[in-house]
Amino acid sequence: MTERLYRDDPYLLEFEARVVSRREHEGRPAVVLDRTAFYAESGGQPWDTGTIGGVPVVAVLENGEDVLHVLATPLAAERVGGRVDAERRRDHREQHHGQHLLSRAFVQVARAPTVSFHLGAEQSTIDLDRGVTSEQVRDAETLANEVVWEARPVAVRTVSRAEALALGLTPPAEAGDAVRLVEAADFDRQPCGGTHPRSTAEVGMVIVLGHERYKGGSRVRFVCGHRALSVVRARNVVLERLGTLFSSPPEGLPDAATRALESLAEANRRGAELLERALDGEARRLLAEAGGGLVAALYDGWPAADLRSLALRLVALAPCVALLGSRSDKAQLVFAQSEGLGHDIPALLRAAVLTVGGRGGGKGNLAQGGGDRPDRLDEALAAATAAIRGRA
Ligand SMILES: [Zn+2]
């Protein structure tokens with residue numbers, strides 16, 4: 001059985017211990033010590049990291065009465081010194097105690113008990129047994145922070161199961177007859193094996209990042225302490241960047257973004273209108289130039305969609321065959337004919353796309369395709385033109 005030093009002193013980071021057992025866990029070496037300050041993952045709180053005898057600790061797991069320390073490399077020594085990563089421990093104290101305060105606040109504000117807690121790498125979550133409104137979330141967040149700012153002492157004591165039940169608590173079965181209670185003075189008391197600060201003030205701040213419906217209840221995402229500062233800083237960076245882009249202070253950003261989107265929609269509408277006009281003008285110019293019958297044209301860098309619009313416009317304006325191409329790093333081809341003309345447009349296109357090294361298809365009066373030999377577009381259009389003229 002490992003003596004769990006963190007239970008009495010969650011600030012203890014360095015300790016001496018004896019290796020009592022050497023094991024293996026999922027292919028990695030692992031040791032059990034007679035005593036440890038390393039917290040083993042449980043109750044939603046992840047394990048501590050650090051070193052034992054200078055060897056990095058990669059996981060710490062409950063193993064019955066023992067605490068199993070999974071190591072990066074084997075450890076030879078009998079007597080070892082352990083060192084717990086201070087920053088991670090502090091972070092877990094902040095997040096876990098913040099969770100206790102927020103969970104209690106939800107009971108007070110919304111009669112919503114917490115059914116599970118997860119302390120994540122970036123944010124933590126609590127799952128409540130019922131839905132909550134945004135207003136209740138704000139109220140619970142405010143209440144939790146008031147308790148933080150009141151700097152209430154946090155105490156840990158162990159009571160019997162009967163005493164715990166008499167206090168109206170429901171200790172988990174694995175707690176046995178020695179139930180560890182964590183209490184934030186005159187606010188919250190709950191059975192918990194985690195590492196907590198001496199004062200609620202150490203939580204610094206509780207920030208709820210969001211909440212959503214989850215499994216018939218709700219899930220609340222939050223950060224506390226140093227993480228809260230990091231989140232605010234990261235969001236400030238985003239706001240500053242947006243502020244520069246929109247030339248606006250943060251509070252003006254929603255309006256500035258709305259105006260920008262409206263103006264973009266207007267520009268798109270205007271762009272589409274101008275494109276229509278340009279295509280119409282181009283179609284009339286081509287028909288006048290060709291004198292009707294057969295129109296062939298090659299453009300630089302036109303998107304296939306514009307080529308297609310132009311072809312449809314041409315065949316609608318006058319009885320004709322339109323053979324259009326566009327070259328960029330690829331070759332694009334669109335062939336079309338007016339209703340009532342009898343050319344095999346899909347066959348013509350298939351032959352042309354073979355020339356430009358690609359594929360394409362269509363049926364009836366419209367076909368399109370492309371290839372990766374734009375240098376052969378002239379040849380392809382000339383052959384298609386000759387085929388139409390030969391048949392005509
Ligand atoms: Zn807890």
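Reply: Proline 197 is buried, at a relative accessible area of 4%; buried means under 20% relative accessible area, exposed over 50% and partly exposed in between, with a 1.4 Å probe and protein chains only. This is a predicted model, in which local features need pLDDT of at least 70, side-chain atom pairs count only at pLDDT 80 or more, and totals for chains, interfaces and linings use all residues. Residues are numbered from 1 along each chain as its sequence is written, and side-chain values use heavy atoms, with hydrogens and water left out.

Me: Where is proline 197 found?

Reply: Proline 197 is in the loop between β13 (188-191) and β14. Helices (H or I, at least four residues) and strands (E, at least two) are DSSP runs, numbered from the N terminus.

Me: What does proline 197 touch, not counting residues up to four places away in sequence?

Reply: Tyr11, Arg93, His97, Val154 and Glu202. Contact means heavy atoms within 4.5 Å.

Me: Switching to the metal. Which residues are the protein donors of the zinc ion?

Reply: His96 through NE2, His100 through NE2 and Cys192 through SG, lying 2.1 to 2.2 Å from the zinc ion. Donors are N, O and S atoms within 2.8 Å of the metal (3.2 Å for Na, K and Ca); water is not among the atoms, so sites may look incomplete.

Me: How are the donor residues spaced in sequence?

Reply: The pattern is H-x3-H-x91-C. Histidine 96 and histidine 100 are about one helical turn apart, because they sit four residues apart in helix α2 (residues 86-110).

Me: Are those two buried or exposed?

Reply: Histidine 96 counts as buried at 2% relative accessibility, and histidine 100 counts as buried at 1%.

Me: What else does histidine 100 touch?

Reply: Leaving out residues up to four places away in sequence, histidine 100 touches Val182, Asp188, Gln190, Cys192 and His196. Cys192 is also one of the zinc donors.

Me: Staying with α2, how does it cross α3?

Reply: The axes of α2 and helix α3 (residues 134-149) come within 8 Å and cross at roughly 130 degrees. That makes α2 oblique to α3. Axes are lines fitted to C-alpha atoms, for helices over the stretch in contact, and angles run from 0 to 180 degrees between N-to-C directions. Angles under 35 degrees count as roughly parallel, over 145 as roughly antiparallel, 65 to 115 as roughly perpendicular and the rest as oblique.

Me: Is the crossing left-handed or right-handed?

Reply: The crossing of α2 and α3 is right-handed. A crossing is left-handed if the near helix is turned anticlockwise from the far one by less than a right angle, and right-handed if clockwise.

Me: Which residues meet there?

Reply: From α2, they include Leu101, Leu102, Ala105 and Phe106; from α3, they include Val137, Ala140, Leu143 and Ala144. By class, the contact of α2 with α3 has twelve nonpolar, two polar and two charged residues. Ala, Val, Leu, Ile, Met, Phe, Trp, Tyr, Cys and Pro count as nonpolar, Asp, Glu, Lys and Arg as charged, and the others, Gly among them, as polar.

Me: What about valine 132, where is it found?

Reply: Valine 132 is in the loop between β10 (124-128) and α3, and counts as buried at 13% relative accessibility. Beyond its neighbours within four places in sequence, its contacts include Phe106, Val137 and Ser218. Valine 132 and serine 218 are 86 residues apart in sequence and 6.8 Å apart in space, C-alpha to C-alpha.

Me: Now the other helix pair. How do α5 and α6 cross?

Reply: The axes of helix α5 (residues 225-246) and helix α6 (residues 253-290) come within 10 Å and cross at roughly 50 degrees. That makes α5 oblique to α6, and the crossing is left-handed. Leu239, Leu242, Gly243 and Phe246 of α5 make the contact with Leu253, Ala256, Ala257 and Ala260 of α6.

Me: And what is phi of serine 247?

Reply: Near 45 degrees, a positive value in a residue other than glycine. Serine 247 is in the loop between α5 and α6 and counts as exposed at 67% relative accessibility.
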